[in-house]
Amino acid sequence: MTKKLYQKFDKNAISTLPRVLFEGRIVVVLSESEAQKAVDFLLTQPLLGVDTETRPRFNKGPMNPVALLQVSSHNICFLFRLNLLGMSPSVKRLLEDKKVPKVGLSLSDDLNQLHRLGDFQPGWFVDLQDRVPLLGIEDLSLQKLYANFFGQRISKRQQLTNWEADVLQDKQKDYAATDAWACVMLYEELTRLEVTGDYELVKIE
């Protein structure tokens, strides 16, 4: 069945879609020993989705440093609490890895912010925003892309919460994991459509 994709996705239609949520296991990483085990596992996976979260500022001034790095496979997501870990050896090893593709959106922004925590040489990263426009799609936010490709809604309610809290709430963990996992799903579907051409682009005047 040919998939219908929209050049521009109606923002108002997103609220009518069923909500999608990561249903796999979520592991919060607080120490270097935990990070080492997490990275050892992640680098055995064929594909990873990545994203970051930062405690928001509601007044003028420089951005806060990245507080969370979420990295997901199909069914497990690790939440690295960088406000506690910093650029630990294992986090650096993950970011510099060149064997496993790490997929995200606006990765240059994420990588620039991560560089504030410590120096590293970025490994294999794939930015969906470089690939999706080749299909003719213009709306490139994660929420709109997921709605366009899968007809489901990613909630953004937790985006502006405190990512440096002593303990992350379950809703925060679900949100963070969903964003990273969604990048895996989008990459696989995008790759399938690139190979098969099994889609129809609906152009919006």
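Which residues line the largest cavity? The legends below take up this view and several others of a predicted model.

**View 1. The largest cavity and its lining.** In this predicted model, the largest cavity is lined by Val-50, Asp-51, Thr-52, Leu-69, Leu-95, Leu-107, Asp-110, Leu-111, Leu-114 and Phe-125, and its volume is about 50 Å³. Strand E3 (48–54) and helix H5 (107–115) each supply at least two residues of this lining, with H5 giving the most, four residues. Sorted by class, the lining of the largest cavity holds seven nonpolar residues, one polar residue and two charged residues.

**View 2. The largest pocket.** The largest pocket holds about 640 Å³ of space and has a lining of 27 residues, of which Asp-51, Thr-52, Glu-53, Asp-110 and Gln-159 lie nearest its centre. Strand E3, helix H5, helix H7 (142–150) and helix H8 (170–196) each contribute at least two residues to the lining of the largest pocket, and the largest share, five residues, comes from E3. Ten nonpolar, nine polar and eight charged residues make up the lining of this pocket.

**View 3. The largest nonpolar core, with Phe-149.** Among the 34 residues of the largest nonpolar core, Leu-128 and Phe-149 touch the most other members. Two or more residues of this core come from each of strand E4 (66–72), strand E5 (76–81), H7 and H8, and H8 gives the most, with twelve residues. When residues up to four places away in sequence are not counted, Phe-149 touches Lys-3, Leu-5, Leu-135, Ile-137, Leu-186, Glu-189, Leu-190 and Leu-193.

**View 4. The loop at Ser-106.** Ser-106 is found in the loop between strand E6 (102–104) and helix H5. Most residues other than glycine have a negative phi. Ser-106, although it is not a glycine, has a positive phi of about 50°. Because its relative accessibility is 25%, Ser-106 counts as partly exposed.

Conventions. Residues numbered from 1 in each chain as written. Predicted model: local features only at pLDDT ≥ 70, side-chain atom pairs only at ≥ 80, totals over all residues. Heavy atoms only, no water. Buried < 20%, exposed > 50% of the residue type's maximum accessible area, 1.4 Å probe, protein only. 1 Å grid on protein atoms, 1.4 Å probe; cavity = no way out; pocket = protein on both sides within 12 Å on 5 of 7 lines; lining within 4 Å. Points joined across faces, edges and corners; volume = space filled by probe spheres on them. Nonpolar A, V, L, I, M, F, W, Y, C, P; charged D, E, K, R; others polar. Core = buried A, V, L, I, M, F, W, Y, C linked by side-chain atoms within 4.5 Å. Contact = heavy atoms within 4.5 Å.
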